[in-house]
Structures are given as structure tokens and as C-alpha cells.
Amino acid sequence: MSLGYIKSILPGVFISGLIALAAQFISQHYGPPAMLMSLLFGMALNFLSDETRCADGINFSAQTILRFGIAILGTKISFQLAIELGWPIIFLVVGGVIGTLAFGIAVSRLFGFRIRFAFLSAGSVAICGVSAAMAISAILPKDHKSEQRLSVCIVCVTLLSTFAMITYPIFTNALGFDYSISGVFLGTTIHDVAQVVGAGFSISEETGEVATMVKLVRVAMLAPVIFFASLFICSYIGKTGLTEKPPLIPSFVIMFLIFATINSFGLIPANVQTISAEISSWSLLLAISALGLKTSLKDIVHVGSSAIALLIAETAFLGIFTAIGLFWLYKR
């Protein structure tokens with residue numbers, strides 16, 4: 001990376017960083033999700049993306065810093081987490097991810113969408129919300145609507161995740177789930193990690209710990225989903241005769257898996273995990289700020305209510321699937 005290139009990206013990275021700091025401040029003092037606020041603040045300053053001095057840095061933040069943030073998420077993943085949960089819960093989590101992806105793709109045409117938005121929306125619902133949406137978007141072939149689709153998905157999935165954080169603890173109580181089963185339900189159905197933690201610990205310490213563990217197993221599904229999606233995309237593009245292919249295994253997915261493997265052997269100290277988790281969080285926040293800067297509000301409006309309806313349908317499917325699975329496992 002040359003000195004000239006570093007100088008060219010600094011203004012855009014600086015602007016994205018300021019937006020991320022403002023979003024985090026608002027979130028800490030007034031409660032709204034930092035991810036959502038950074039996207040909205042960025043959209044409000046969309047005119048800066050037309051500024052030549054900022055363009056390179058904004059693109060660098062929305063792409064390179066995004067991939068870096070996703071890669072070091074692997075330091076939070078340990079294969080022992082899955083073993084501790086037991087095979088029935090693992091099958092339920094994996095089934096929920098696969099089922100939601102299949103459902104989203106199957107019904108997307110009813111809502112007026114093709115496979116790109118179907119996979120993007122279903123993946124964000126099924127795996128880990130905003131982080132999954134950004135990772136999936138990074139491997140999808142780009143067109144003039146790529147940023148628009150991702151922005152809509154981030155806004156909707158964040159709002160749905162916040163709504164779930166408030167309402168799902170009430171729902172689990174109404175269903176008669178105990179603390180442990182409630183944790184499994186929350187960890188399997190709420191989209192973003194922060195909201196899972198908030199919902200789980202609002203019930204009890206045990207529920208919060210179980211919910212967080214289940215959620216991290218879902219996050220681990222990000223790597224295989226990206227891998228198989230990349231295989232499909234490469235095959236599809238090859239058949240169409242186009243030349244722009246994503247790498248068979250994106251480098252950030254390889255790093256994600258390497259970090260997860262190292263962590264599984266207990267080679268990453270707890271303090272390093274804490275620091276890397278903080279760096280990942282800030283990297284993703286900065287990347288979303290850059291995405292907002294690249295997104296025009298009028299483009300979001302053009303998507304309409306059909307995108308919201310599709311995400312709600314996918315969220316409802318995952319919740320119903322998980323509830324039925326838990327009743328079958330524990331209430332027989």
C-alpha cells in the first residue's frame with residue numbers, strides 16, 4: 001500500500017470514522033442500535049460520496065475494512081461451543097439457517113424479488129443480522145442496485161432485531177419455556193448478537209449465557225454459507241459466459257475459519273479475544289457508516305414495502321420453525 005494511496009483514502013476513512021463515533025455515542029447515551037444510527041447518519045451525508053477527495057476512502061471503508069471486521073469475528077468462535085450445546089440443538093440451529101435460506105429464496109418472487117435480494121435478506125435473518133448481510137453482499141456480483149439492496153436489508157433487519165429483543169422474552173414466557181429453553185429460542189431467532197445478549201440477560205443470567213452461546217454457533221454458520229454461495233455463484237457466472245467471478249473461497253472467510261480454529265484450541269487469550277471483538281465491532285460500524293455515505297435515501301424509498309414484508313416473513317418463519325422444534329425436543 002503506497003503512501004500516495006494512503007493519503008487518498010484518509011479523508012473518506014476519517015469521515016466514516018467520525019460518523020461511527022457519533023453513532024456509538026448516541027447508542028450509549030440514548031439506546032438506539034449503533035449500527036442503525038451509523039447507517040442513517042451516513043445516508044444523511046450522502047452528498048460527500050460525490051466529493052472526489054472522499055470517494056476512495058469511503059470505498060475502502062465499505063469494502064476492505066468490512067472484510068477485515070468480518071474476518072476477526074472468528075476469534076469469538078469456538079467449536080467447543082457446539083459440543084457443549086449438544087447435537088439436538090446444533091441440528092435445530094443448522095436446520096433453522098438452512099430452512100430460512102430455502103424459504104426466503106422460494107417465496108421471494110411472490111414479493112417481487114429475485115435471488116440476490118432473497119439470499120441477502122434470508123442470510124441476514126438466518127445467521128447474524130447486519131454482519132451476515134454485509135458478508136453476503138461482499139460476494140454477490142455487483143450491479144447498480146447492490147448498495148441499495150444492502151442498505152434496505154440493514155435497516156429492516158436491525159429494526160426487526162430490536163423489536164424481537166423487546167417482544168421475544170415475553171413470547172417465551174407465554175409459551176412456558178424455562179430459562180435454558182428460552183435462551184435457545186432467543187439465540188436461534190434474534191438476528192444481531194447485541195440484541196440476543198440484551199434479550200437473554202433481561203430474563204436471567206442463565207438465559208443470557210445460553211442465548212449468547214447459541215448465537216455464536218449461528219455466527220459460525222457464516223463461513224460455510226459464504227463458501228457454498230461462492231461455489232454456486234462461480235458456477236452460475238461460468239455458465240453465462242461472464243468473466244467477473246468471486247474467489248472460490250473469499251480471503252476474509254479463510255481468515256474467519258483460521259481464527260475460529262486457533263480459538264478452538266484455546267490459543268487466543270481472553271484479553272486478546274476482548275480486544276479483537278472490540279476491533280471487529282468498530283470495523284463493522286465504520287464500514288456501515290461508509291455504506292450509508294454511498295446510499296441515497298431516494299433509492300431506499302423506491303424499494304417499497306415489499307422488502308420489509310419479505311424480511312418479516314423470513315423472520316416469522318425462523319421463529320415458528322424454532323418454536324416447533326423446541327416443543328418437539330422438550331415438550332413431548
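Colleague: How many helices and how many strands are there in the chain?

Modeller: The model before us is predicted. Its chain has 16 helices and zero strands.

Colleague: What radius of gyration would a compact globule of 332 residues have, and what is the value for the chain?

Modeller: A compact globule with 332 residues would have a radius of gyration near 20 Å, and the chain has 19 Å; the two values therefore agree. Along its principal axes, the C-alpha trace spans about 65 × 45 × 40 Å.

Colleague: Which elements have the lowest and the highest mean pLDDT?

Modeller: Helix H15 (residues 297-303) has the lowest mean, 62, whereas helix H5 (residues 87-107) has the highest, 93. Over residues 239-243 the pLDDT is below 50, and this stretch has one contact beyond near neighbours in sequence. Where pLDDT is low, the predicted coordinates should not be read in detail. For the chain, the mean pLDDT is 83, and 90% of the residues reach 70 or more.

Colleague: Why is Val-217 called buried?

Modeller: Buried means under 20% relative accessible area. Val-217 has 11%, and therefore counts as buried. This residue is found in helix H11 (residues 205-220). Val-217 lies 32 residues from Phe-185 in sequence, and their C-alpha atoms are 13 Å apart in space.

Colleague: Why is Asp-50 called exposed?

Modeller: The cut-off for exposed is over 50%. Asp-50 has a relative accessibility of 66%, so the term applies. Asp-50 is placed in the loop between helix H2 (34-44) and helix H3 (52-71). Although Asp-50 and Lys-294 are 244 residues apart along the chain, their C-alpha atoms are separated by 8.7 Å.

Colleague: What makes Leu-40 partly exposed?

Modeller: The relative accessible area of Leu-40 is 36%. Leu-40 is found in helix H2, and its C-alpha atom is separated by 9.5 Å from that of Ser-151, 111 residues away along the chain.

Colleague: Which residues does Met-35 touch, not counting residues up to four places away in sequence?

Modeller: Met-35, also found in helix H2, touches Val-130, Leu-284, Leu-285 and Ile-288. Met-35 and Ala-313 are 278 residues apart in sequence, with 22 Å between their C-alpha atoms.

Colleague: How do you know that the span of helix H6 agrees with its number of residues?

Modeller: Helix H6 (residues 115-126) has 12 residues, and at 1.5 Å a residue these should span 16 Å; its end C-alpha atoms are 15 Å apart, so the span agrees. The 21 residues of H5 should span 30 Å by that rule, and the end C-alpha atoms of H5 are 30 Å apart, which agrees.

Colleague: How do you know that H6 is mostly covered?

Modeller: In H6, 10 of the 12 residues are buried. Among them are Phe-117, Phe-119, Leu-120 and Val-125. In H5, the buried residues include Ile-89, Leu-92, Val-97 and Leu-101.

Colleague: Which residues touch the most other members of the largest nonpolar core?

Modeller: That core has 57 residues, and Phe-117, Leu-120, Ile-127 and Met-134 touch the most other members. Leaving aside neighbours within four places in sequence, Leu-120 is in contact with residues including Ala-133, Ile-136, Leu-140, Leu-150 and Cys-153. Apart from this core lies another, of 20 residues, among them Leu-85, Ala-164, Leu-186 and Ile-190.

Key
Residues numbered from 1 in each chain as written. Predicted model: local features only at pLDDT ≥ 70, side-chain atom pairs only at ≥ 80, totals over all residues. Heavy atoms only, no water. Core = buried A, V, L, I, M, F, W, Y, C linked by side-chain atoms within 4.5 Å. Buried < 20%, exposed > 50% of the residue type's maximum accessible area, 1.4 Å probe, protein only. Contact = heavy atoms within 4.5 Å. pLDDT = per-residue confidence, 0-100. Helix = DSSP H or I, 4+ residues; strand = E, 2+ residues; numbered from the N terminus. Rg over C-alpha atoms; globule rule 2.2 N^0.38 Å. Expected span 1.5 Å × (residues − 1).
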